[in-house]
Amino acid sequence: MTRTDRRKATVESILVTAEQMRAIEARVFEAGIPVAALMEKVAGSVARRIEALLQEMPEVSRVGVLVGPGHNGGDALVVARELHFRGYAIAVYQPLSKLKALTSQHAQYLASLGVPFDEEISALEGCDLFVDGLFGFGLERPLSGAIAEAVDRLNEWDSPVLSIDLPSGLHTDTGQPLGTAVRATRTFCLGLWKLGLVQDEALAYVGTPELIDFDLPLADIEAVVSRPPALRRIVASCARSQLPLDRPQVTHKYKQGHLLLVASSRRYSGAGLLAGLAARASGVGMLSIAVPESLKLLYNGHLPEALVVGCPETETGAIAAFPEELDLQGFSAIACGPGLTLDAAVVPAILDCPVPAVLDADGLNWLAQNGTVERLSAREAPTMLTPHPGEFKRLFPQIERTEVQRCDRVRRAAVATGAIVVLKGARTAIAHPDGTVAFLPESTPALARGGTGDVLTGLLGGLVAQASVGEGAIAPLVEAAVWWHAQAGRLAARERSPLGVDARTLTDYLIASIVDL
Ligand SMILES: NC(=O)C1=CN([C@@H]2O[C@H](COP(=O)(O)OP(=O)(O)OC[C@H]3O[C@@H](n4cnc5c(N)ncnc54)[C@H](O)[C@@H]3O)[C@@H](O)[C@H]2O)[C@@H](O)CC1
Ligand SMILES: Nc1ncnc2c1ncn2[C@@H]1O[C@H](COP(=O)(O)OP(=O)(O)O)[C@@H](O)[C@H]1O
Ligand SMILES: [K+]
């Protein structure tokens, strides 16, 4: 990989906090690039991108530009100047009179060209497009007073809003609106992806995010961001490259991993089927499914290739125990939890077994009742937990109480347990025991349906089983599974509308979403 390729890959994959971005910028300025030159380069790229978008928007003639006191405002003024020269009618809203020196110079020049400036947002009413340069990563406190009112007003208007760097008002790290925030149609994130943009809280504000790379040198990025980076985005090309698509010619089914799925009860008979269908799509060499004895026929009917292990059941129809002849250590991975109910008595045996394990749903609820950290830290083999936020809260009440940010919560959970923790959500976060956290940057709310989590469990289990018999590392596969699951959801939503992504259908789209890779 050339240095240019490595820089590109780094820029695509890391997430930075405001503090890190400030430190990287400071190094670049220290090295000698004039601040004005960098602003011209960065904002010039944003302007050209906006001009390209405007080619497809012939209805736009009047552009409203919101200008704050710092360099985010300076960027907006450069964009305004360029659009003015392209013939657009510009109106500027500048609520604060005290501007940073460079921003002030750009304001002076733009005013000299005859562009009107106003302190009231109402002057921009009726514009066909807005450019938001009120605040970027320099936002220090919540928006309040007239500026907050102006942002709320802007949010009521229908025209598209293009935010520079971040939607103004959004916290760079937490993605939470401070007071209020601009609801953008599109956000041009400058230089490096900001952590806040992949937080669930930010999604209603960010619109479509897009990175404007401005050639920050790799040396400066690496001097500030640790290696491996503490915060990452899951990049499609990397996730894809982890999938076990290239099999050796000489192999056999047991060399391709043997997954034991432990799932379902009479009450929740379908959960294990969804996980089983997803495990099938993972390509795993052998699939065994342990279910209550009374469900055996059902499972044989739907998953004819699977070895269905009928287990003794409790009065309530949960798995009471594994059959004596079942050797847990013979499996390459175990995925346990969907639909078990808390009556199932199988989790301790799995925890004691030195085989990679994925725990979900009632597997997690069992841990929550019987000691999460102590039980997991004692395990010899890798463990993966896939809680949704409700399960996470039950598993880690102490962390939930003390850590406000999702990123810190999931990181602490992974460090404390030694497990890989997949905190599911609109932007699923995956924390590793070394403290690094990866976020899934793209997904679809079409996945917000019962059973889609069971699909993830089966898929992940199948991939882990394949990795654990081969040379492959397990950690990157967890991210690949989360990415693949979302890809399938996105493809299904595109082809069948967002209403067409039920969990059963999702399992069909798993293969469809990777066949062209
Ligand atoms: N220098 C350059 O040419 C570059 C500029 N960039 C742009 O510069 C931005 C960062 O610039 P700044 O550090 O100047 O910060 P901002 O422009 O984001 O805002 C900082 C200014 O707003 C004030 N402020 C903060 N919170 C406020 C609030 N709630 N109410 C009222 N005033 C508030 C601060 O006192 C300061 O004057 C980035 O987001 C980006 O848009 C960089 O991305 C790239 C390089
Ligand atoms: N708004 C959303 N956007 C994207 N993905 C979502 C959203 N809501 C839920 N999901 C995904 O759907 C799945 C739901 O899992 P889970 O809550 O365990 O469901 P179940 O237990 O019914 O199977 C997770 O992978 C989660 O990331
Ligand atoms: K902004």
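## Strand pairing and the sheet

Strands β5 (residues 129-133) and β6 (residues 161-164) run parallel and are joined by three bridges. Across this pair, Phe130 stands opposite Val161 of β6. The model described here is a predicted one.

The two strands belong to an open sheet of seven strands, in the order β4-β3-β2-β5-β6-β7-β9, with parallel pairing. The edges are formed by β4 (117-118) and β9 (208-212); each has a single partner strand, so one side of each is left without a neighbour in the sheet. In general, the strands of a sheet pair through backbone hydrogen bonds, in either a parallel or an antiparallel manner.

## A helix on the sheet

Helix α4 (residues 71-85) packs on this sheet, where it touches β2 (62-67), β3 (89-93), β5 and β6. The direction of α4 makes about 160 degrees with that of β2.

## The nonpolar core

The largest nonpolar core has 160 residues, and Val79 and Leu459 are the members that touch the most others in it. Helix α19 (residues 475-496) gives the most to this core, contributing 11 residues. Both domain 1 (3-228) and domain 2 (236-512) are represented in the core, with at least three residues from each.

Which residues does Val79 touch, not counting those up to four places away in sequence? They are Ala43, Val46, Ala47, Ile50, Val65 and Val131.

The chain is divided into two parts, domain 1 (3-228) and domain 2 (236-512). Their C-alpha centres lie 40 Å apart. Contact between them involves eight residues of domain 1 and nine residues of domain 2. On the domain 1 side, the touching residues comprise five nonpolar, two polar and one charged.

## Ser122

Is Ser122 buried or exposed? This residue is found in the loop between β4 and β5. Ser122 has 10 C-beta neighbours inside 10 Å, and it therefore counts as exposed, the cut-off for that class being 12 or fewer.

Ser122 and Cys189 are 67 residues apart along the chain, and their C-alpha atoms are separated by 27 Å.

## Summary

The predicted model has two domains that meet through eight residues on one side and nine on the other. An open sheet of seven strands with parallel pairing carries helix α4 packed on it.

Note on methods. Residues numbered from 1 in each chain as written. Chains lettered and ligands numbered in written order. Predicted model: local features only at pLDDT ≥ 70, side-chain atom pairs only at ≥ 80, totals over all residues. Domains from an automatic or database assignment. Contact = placed C-beta atoms within 7 Å. Nonpolar A, V, L, I, M, F, W, Y, C, P; charged D, E, K, R; others polar. Core = buried A, V, L, I, M, F, W, Y, C linked by C-beta atoms within 7 Å. Buried ≥ 20, exposed ≤ 12 C-beta atoms within 10 Å, placed from the backbone. Helix = DSSP H or I, 4+ residues; strand = E, 2+ residues; numbered from the N terminus. Pairing = 2+ DSSP bridges. Axes fitted to C-alpha atoms, helices over the stretch in contact; angles between N-to-C directions.
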